[in-house]
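Okay, thanks for coming, everyone. Let me put the structure up and talk you through a few parts of it.

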Amino acid sequence: MSQVILDPRVAPPFPKAALPVLRNPQLRKNVAHATDVIQAKRARLVAEKTDWQELRTAAASIKDEALANLDGYLQQFEERCVAAGGVVHWAWDAAEARRIIIDILREEQASDVIKIKTMTSGEIELNPALAAAGIEAIETDLAELILQLGQDEPSHIVVPALHVSRSQVREIFARKMGLENLSDDPQTLAAAARTFLRKKFLSVPTAISGANFLVAETGSVAVVESEGNGRMCLTLPRTLITLAGIEKVIPRFKDLEVMLQILARSATGERMNPYTSVWSGVAPGDGPQKFHVVLLDNGRSAILGKHTERQTLRCIRCAACLNTCPVYRQTGGHAYGSVYGGPIGAILTPQLQRLEHAQSLPYASSLCGACYEVCPVKINIPEILIELRAQVVNKERKKVARFADPMYLGMRAANWFFTDSRRFRFAQKWARIGLRLFTGKDGWIHSLPSLGAKWTMTRDLRGLPQQTFREWWAEQPKEGR
Amino acid sequence: MRASLFITCYNDTLFPETGRAAVRLLERLGVTLDFHPKQTCCGQMHANTGFRSEAYAQANRFVRMYQDAEAVVIPSSSCVAMVRDQYPGLMQELGTPKLQEQFRSLLPRVYELSEFITDKLGIEDVGAYFPHTVTYHASCHGLRGLHVGDRPMRLLSKVKGLELIPLENVDRCCGFGGTFSIKNAEVSSAMLSGKLRDVLSTRAEYCTALDNSCLMHIGGALHREFAGTRTVHIAQILASTDATSAEGVA
């Protein structure tokens, strides 16, 4: 079923990856409907908070404080987590994180592992590595389960199966769970998933989770979720491994007061999310008796060192930027070629790839600014998109192949005209003459060659007027001016 | 009151009627205008596409050109947003201390047209007459960049004969985004198609905005579809009076 590639190293460029979605009316309907619903709920709950802007400021400064002293807070987290009976591992990159996790599972002699709330495991492509090591990964988040059974990939940060409709879920469950007469009634579908998952919760002794927050002060991990399946994963197994990016750390326990408020409202449009699990290390006789935390860098510390881009690491993965984005609304998440889609993915993925891949993503935005407006931690996404575009251009413009590229040629030429008004007037005159060739009797241009064809594909362009403004101005009487 | 008109590169070349309307409108409101003949572009296209040093070269010209202006009025919210949001970074990175100082002093004197009329001139009723149904598209840069709020609507609501019809999803981007409309032409067109649906469902005769860039995009598709609804820059509506019909839209 899935031709979706969420590996930025091999995924097609965004404009190309978007095409199958643009031609899929069902998918576009699902995405538009789901984002409309979440956005409306979010807007209502944000509007009732009179101190929303103050909360945003507070959340941004909590994350900034953590990022400014990241080494210290991570060490503090490690110290407190170890003191509470946990084991902390440091992973420089995806390969090291995979190796650490597989080693732990081998030591546990695990043949399978249940998983919850870990997009980061998608980032490091953990599941294929587990399969290669002979360990079956079982997704227990309902949406992730749907995708796993349907051999599909997540398309949204908070609602991973947002692009899948209820009847598609019914079809997947019926086929994979052997339930021929399953109806597409939501309760029936949920019950089928519950029966399927309960067996796993009760029989699989190892689990992998992600983390929403790591608390330095107490060495605690916090996971928020809506289903309770996370709670099962976090409490029933004998051994729990939490995989977390290093940017997840916050300084103090009381910072959760701010973060949990803005996260629930921004992500799902709820005053409080249904299940919030916070634990510190191991509690003897209660819950997992072995607890590992894998702290993942994988490109994050390189982002930390950059003034503008550093804001990216404030992200709490609420996906409000996806829900409001007019581009995401058309394309859904798969077009971004990474587990992180939408505006945040457009800035995060290229940075995690050190701009060696995913160079089309910083351009996958009209810079409309809707993402910045809703971001609960005030990440100026348009500013970072522009910064990354500049880095792409600086890298590309040195290449010989780019010299004759129409975009690069055009940009260099435009600057030559724009930096001298005589040259600019000359260009205006010649554009007027040149475009006459393409201008119809109605005074409009309906078809242009080369890059212009990308415009006239769906829009006309009015032919150039006989007189520019500056020519008109020069003819006006000067008295009184 | 004296003001210098920065007409912008594409208004100069593609939409001179907007510039002429801005002149008629502002002179009617008692403003003495000048037009610096060496002006070209604010640098937005280069900045937004990633050509930073080129964008700086143009920003540099802009700042030096207008350092003595009492006010600079620009009939385009995205060009003003370029000056407010992107010039500071460009100046800090590439500018000399002298240019940075000149920029700091110039910045508060740069106005988008509707801001200039409502805030600087303190006028809402500009004495315009435009007997048509009109819907207003909130350009992203005006809305979220400049936070112009309801200034354009206040101006439009005082225009005699004008019936303002609200636009659904007024805050949603039309998909233009400069070179985005070329680089991501298909996605841009998909966004535009939603905007057209909203514009056409108003059944308004005209769609207006603060920016001819959005209007060129929306208008280009309306023309392609023989839709009947036309686009017109807000300056042309505000310039039109009983005596003169809106130039270029009659």
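**A helix, an interface and a sheet**

So, let's start with helix α20 of chain A, residues 421-436: it has 16 residues and runs 23 Å from first C-alpha to last, close to the 22 Å you'd expect at 1.5 Å a residue. Keep in mind that this is a predicted model.

Which residues of α20(A) are buried? They're A:Phe424, A:Ala427 and A:Gln428. If you look down the helix axis, those buried residues fall within an arc of 105°, so they line one face of α20(A). What do they pack against? That would be α19 (406-418) of chain A, together with α1 (9-14) of chain B.

On to how the chains meet. We have 54 residues of chain B in contact with 50 residues of chain A. On the chain B side, helix α11 (residues 185-201) gives the most, with seven residues. By class, that side of chain B has 23 nonpolar, 19 polar and 12 charged residues.

Last stop, a sheet in chain B. Four strands make an open sheet, ordered β6-β5-β7-β8, with parallel pairing. β6 (163-164) and β8 (230-233) are at the edges with a single partner strand each, so one side of each has no neighbour in the sheet. Further in, β5 (133-136) and β7 (206-209) of chain B pair over three bridges, and B:Tyr136 stands opposite B:Thr208 in β7(B). Helix α12 (residues 212-224) of chain B lies across β7 and β8, at about 165° to β8(B).

Notes. Residues numbered from 1 in each chain as written. Chains lettered and ligands numbered in written order. Predicted model: local features only at pLDDT ≥ 70, side-chain atom pairs only at ≥ 80, totals over all residues. Contact = placed C-beta atoms within 7 Å. Helix = DSSP H or I, 4+ residues; strand = E, 2+ residues; numbered from the N terminus. Nonpolar A, V, L, I, M, F, W, Y, C, P; charged D, E, K, R; others polar. Pairing = 2+ DSSP bridges. Axes fitted to C-alpha atoms, helices over the stretch in contact; angles between N-to-C directions. Expected span 1.5 Å × (residues − 1). Buried ≥ 20, exposed ≤ 12 C-beta atoms within 10 Å, placed from the backbone. Arc of directions from axis to C-beta.
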